[in-house]
Amino acid sequence: MTRSIALARAGLLLSLVLFAIIAWARQLAESEDRLLDRAEFVVSDAATPPTQGWEPVLLPDNWRLTRPQLSGMAWYRVRFDLSPVPSQPQALYLPRLSLIGELRLNGSVLTPDVRFDETGRQGVPMDNAPVYVVLPSGLFRNGENLLEVRLQGDRQIRSGLSAIRLGPAVTLQPLWFERQLLQVYLPYVLLVLTSGALCFVYAYTLRQRRFSTIQLALLVGIVTLMLYSVLKLPISRGHEQGVRALATTGMYWLLCVSGHRLSGIRVPGMPAVIHGMAAFTFIAIAVAMIRADVTDRIWLLAWPLVFLQMSVIAALLLSAWRRRSVKLLLLALSAAFWTTTVAQSLAILSEWLPWDSFRWSVSGALPFCIVLLFFFAERFILDREEAAREQRAAIASERGRILQDMHDGIGAQLITAKRLARRPDVDRDDLASMIEESLQDLRLIIDSLDLTERDLLPLLGNLRLRLQPRLATLGIRLEWDVQPLPALTGLGPESALAILRIVQEAINNAVRHASPSCIRITVRADRQQAVIRISDDGRGFDAATIGPGRRGLTGMHLRAKKIGARLNVEGRSDSSTGAQVTLAIPHQLRDGGP
């Protein structure tokens, strides 16, 4: 325990040191670079910078605020002085450029692979990726230099240009990589994590044979991440935002339902509020998309669901406190952190935060995904361990049952046969009959273990094959009238053996006491039960004269009661129709239960 505490303290100290180094490196980078926040702007479709019409602007320049109806091409130019030209490699860093931009330094193109929109083909948006370009030293001039940006914007997507940082490559590269990691690479990591969580949830719910809303939420989450980071739909950018918003709304809705169920706190009317709020958001987004005037502000319709998520998370926190559950607490805290980052992204869309602020919503989902993955991975592993324990217990129980059956049945019969064999006056036919009964009991035990999808007919078929030759040698005809049976829920080796023994005992009683010429076995099924009827044409009996001392009939009744079946024995001594034994087996029976 002391060693674990020491390791935890060392890990915490190392984390603090790393954070301090990162903060120091960031401060050093920001102190050595140059912030270019004054530019000139002109709207122009020309492939080269125009000579007239320029107006001064401050960066960052958010088109949504400064020119909300602008869609198309425009130019920025930024002038800066270098005296003398730096000897170490210089780089250019833009936290955000939206929608598509081409950079030029002193007339030379720095980003030749940029694809603008063309007729019938959409370009590649750059708003999710920060821009980082290492500048060739040969392009610099001693004195005034000119940086030009040709920018394509769209009124449906928040377009514009952030302030530009110019400085040593070694200091700007960490700033770019940090944002690139969190905003570009992280969605792919989340895609892998949510896929893994979905696999565990699917395996868990498949094992439990139940429907899981979290399973659906993760599936919708994967679709949303793919729409966000991988898939490009052949529709307008505004409608693409609407499709993403619909998928995200579905994920929020399912997560709210799942969180409410996991908390175990039943707030009256809460499910109706969740469903109603989700339905309202779905309809509002769909109406906005039908109106065909869709912008990325369609995401603001998710605000009510964000507040609703906070109430569900509060219920999870309360439940974690009551149950003293660390796992539930971590799940609630990670969900609260993610929801807070979603609110921060919506605040940027609402223009409450600077336009080029980093959007934390995707990064905020990472802790939630990790906790969710471990949450259901642990559930899956515990479920598998519990299943293995149950399997071992079932094997041990079945082994004990077989041993008990062999001891009470075959063992007792063989002991009796052994005693008969040692007596000089024993009838050999009696001895052979006793051994034959032992063999029949052994065969029944073996047959009861050979269940096929809870189907009773193969077991009865095996019993017929074993009994028919014996009955034929006695001059008794065996008639078999069987129709298909549905699968019997709860049919296991013990209940199957009980049914076979009842049928066998009914046939043995007919052979011993009725001297029949024909025994008929009929199997039928209806909606509630399967019915096995054993009838013969031998001497009947008066059911009223059968007392409790008849061990065969008493054992048959006990076995039927044990598995939840009903047994009826009919027979009249003044009738030539013989006796009839009817066993009614419910479709849902007890496998040897009390």
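## Exercises on a helix pair and a sheet

**Exercise 1.** In this predicted model, determine which residues of α7 and α8 meet and which classes they fall into.

*Solution.* Begin with the contact itself: on the α7 side, W303, V306, Q309, M310, I313, L316, L317, S319, A320 and R323 take part, and they meet L328, L329, A332, L333, A335, A336, T339, T340, V342, A343, L346 and A347 of α8. Next, sort the residues of this contact by class: 17 are nonpolar, four are polar and one is charged.

**Exercise 2.** Describe how α7 and α8 are oriented, beginning with their packing angle.

*Solution.* Helix α7 spans residues 303–323 and helix α8 spans residues 326–349. They pack at an angle of about 160°, and their axes lie 9 Å apart. Angles over 145 degrees count as roughly antiparallel; α7 and α8 are therefore roughly antiparallel to each other. Finally, the hand of the α7–α8 crossing is left-handed.

**Exercise 3.** Characterise the pairing of β6 with β13 and state which residue of β13 Y93 stands opposite.

*Solution.* Strand β6 covers residues 90–94 and β13 covers residues 164–168. Four bridges join them in the antiparallel sense. Y93 stands opposite R165 in β13.

Terms used
Residues are numbered from 1 along each chain as its sequence is written. This is a predicted model: local features need pLDDT of at least 70, side-chain atom pairs count only at pLDDT 80 or more; totals for chains, interfaces and linings use all residues. Side-chain values use heavy atoms; hydrogens and water are left out. Axes are lines fitted to C-alpha atoms, for helices over the stretch in contact, and angles run from 0 to 180 degrees between N-to-C directions. Helices (H or I, at least four residues) and strands (E, at least two) are DSSP runs, numbered from the N terminus. Angles under 35 degrees count as roughly parallel, over 145 as roughly antiparallel, 65 to 115 as roughly perpendicular and the rest as oblique. A crossing is left-handed if the near helix is turned anticlockwise from the far one by less than a right angle, and right-handed if clockwise. Contact means heavy atoms within 4.5 Å. Ala, Val, Leu, Ile, Met, Phe, Trp, Tyr, Cys and Pro count as nonpolar, Asp, Glu, Lys and Arg as charged, and the others, Gly among them, as polar. Two strands pair if DSSP finds at least two bridges between them.
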